[in-house]
Amino acid sequence: MKILAFGEILFDVDTAKNESILGGAPMNFCSHLTKLGAEGYMLSAVGNDELGREALRYADAFGVKKDYVLLSEKPTGKCLITYNNGEPSYDLGMISAYDYIEITDKIVNDIKSENFDVFYIGTLAQRNDVSSSSLDKILAEAEFSTVFYDMNLRQHYHTREIIEKSLGACNILKINREEYDFLLQQGYAQNKEELAEKYNIDIVLLTLDKAGAEVYGKKIKEEVSVGGIETNVVSTVGAGDSMCACFLYNMLRGADAKTALERANILASYVVSHKEAIPEYTKELLDKIT
């Protein structure tokens, strides 16, 4: 199973703790898939700086293939975390390498020859015309049996055009509770059934925080849901990305939606019980989720 994930590689920089932690939903997603047993490739860009070199070291450590990770003159992406009366605030405003994912015809041809099973896209990396145009070129010229769209809205870095394009391109969609409410409030659809029908989406994975998740869509005979798993929550960072990865991995290996969702729920509960977004997997865990 070969996965190509397009989008941001960035670091969450906690200014109070003077701590930088690798992040970016595409990178988290791709890393979890490699841990599950897939071949995960990133299509992104990092800067020629220490954070960029650190990101590449992480990719090697997680087994993520770097064939399409480009080197940019722009700095490696950061999400700056500051605090006001103990409440965190997140700033993704800086122009970053992932805003400038510039691909060539050769890169597109190489991607086409790889015969990837899945192409993963998000929203944040489409905020700049350079990366957005690169994504458009890939979607127009390469074919993928599965396009997975993790909406993953961040601050104000999205437009109706970006969202409409992405919904129309995918056959599997992942949204969380807030994003689902946003889609209804902004008139993309009247309800979840219309959302899947209008954009011709085969499967929608709707995550519900500690309440669990549900799956529905044109290729799901009846809606499937799981409740949350009681666990000691240390950090929720990366939990949704791990759920996406595990659900997709199991579905593509022939599991039914219920089994895939149950296994994804187990992994997400494991991830939130760790500080890291991509913690080490135990053999006992792998036996439960694959």
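Predicted model: local features only at pLDDT ≥ 70, side-chain atom pairs only at ≥ 80, totals over all residues.
# Helix packing and buried residues

Residues are numbered from 1 along each chain as its sequence is written, and side-chain values use heavy atoms, without hydrogens and water. Helices (H or I, at least four residues) and strands (E, at least two) are DSSP runs, numbered from the N terminus.

**Helix α8 against helix α9**

- α8 and α9 pack at an angle of about 150 degrees, with their axes 8 Å apart. Axes are lines fitted to C-alpha atoms, for helices over the stretch in contact, and angles run from 0 to 180 degrees between N-to-C directions.
- That angle makes α8 roughly antiparallel to α9 (under 35 degrees counts as roughly parallel, over 145 as roughly antiparallel, 65 to 115 as roughly perpendicular and the rest as oblique).
- On the α8 side, the contact (heavy atoms within 4.5 Å) is made by Ala239, Ser242, Met243, Cys246, Phe247, Asn250 and Met251. The α9 side includes Ala257, Ala260, Leu261, Ala264 and Val272.
- By class, the contact of α8 with α9 has 13 nonpolar, three polar and one charged residues. Here Ala, Val, Leu, Ile, Met, Phe, Trp, Tyr, Cys and Pro count as nonpolar, Asp, Glu, Lys and Arg as charged, and the others, Gly among them, as polar.

**Helix α1 and its partners**

- The axes of α1 (residues 25-36) and α8 (residues 239-252) come within 8 Å and cross at roughly 45 degrees. The two helices are therefore oblique to each other.
- The crossing of α1 and α8 is right-handed.
- From α1, the contact draws on Ala25, Asn28, Phe29, His32, Leu33 and Leu36. From α8 come Asp241, Ser242, Cys244, Ala245, Cys246, Leu248 and Tyr249.
- Nine nonpolar, three polar and one charged residues make up the contact of α1 with α8.
- α1 also meets helix α2 (residues 50-62): their axes come within 9 Å and cross at roughly 25 degrees. That makes α1 roughly parallel to α2.
- Met27, Ser31, Thr34 and Lys35 of α1 touch Ala55, Ala59 and Phe62 of α2 in this contact. Its residues divide into four nonpolar, two polar and one charged.

**Nonpolar cores**

- The largest nonpolar core has 54 residues, and Phe29 and Phe247 touch the most other members. A nonpolar core is a set of buried Ala, Val, Leu, Ile, Met, Phe, Trp, Tyr and Cys residues joined through side-chain atoms within 4.5 Å.
- Apart from it lies another core, of 49 residues, among them Leu4, Phe119, Tyr180 and Tyr216.
- Leaving aside neighbours within four places in sequence, Phe247 is in contact with Ile203, Leu205, Val215, Ala257, Ala260, Leu261 and Ala264.

- Leu261 is found in helix α9 (residues 257-272). At 0% relative accessibility, Leu261 counts as buried (buried means under 20% relative accessible area, exposed over 50%, partly exposed in between, with a 1.4 Å probe and protein chains only).
- Beyond four places in sequence, Leu261 is in contact with Leu205, Ala213, Glu214, Val215, Val224, Ser225, Val226 and Phe247.
- Asp241 lies in helix α8. At 10% relative accessibility, Asp241 counts as buried.
- Beyond four places in sequence, Asp241 is in contact with Ala25, Asn28, Phe29, His32 and Asp150.

**Partly exposed residues**

- Most residues other than glycine have a negative phi.
- Gln155 has a positive phi of about 50 degrees although it is not a glycine. Gln155 lies in the loop between β9 (146-150) and α5 (160-169) and is partly exposed, with a relative accessible area of 40%.
- Phi of Asn200 is near 55 degrees, a positive value in a residue other than glycine. Asn200 lies in the loop between α7 (192-198) and β11 (203-207) and is partly exposed, at 46%.
- Lys198 is found in helix α7. Lys198 is partly exposed, with a relative accessible area of 44%.
- Beyond four places in sequence, Lys198 is in contact with Gly187 and Tyr188.

Technical notes: Left-handed = near helix turned anticlockwise from the far one by under 90°.
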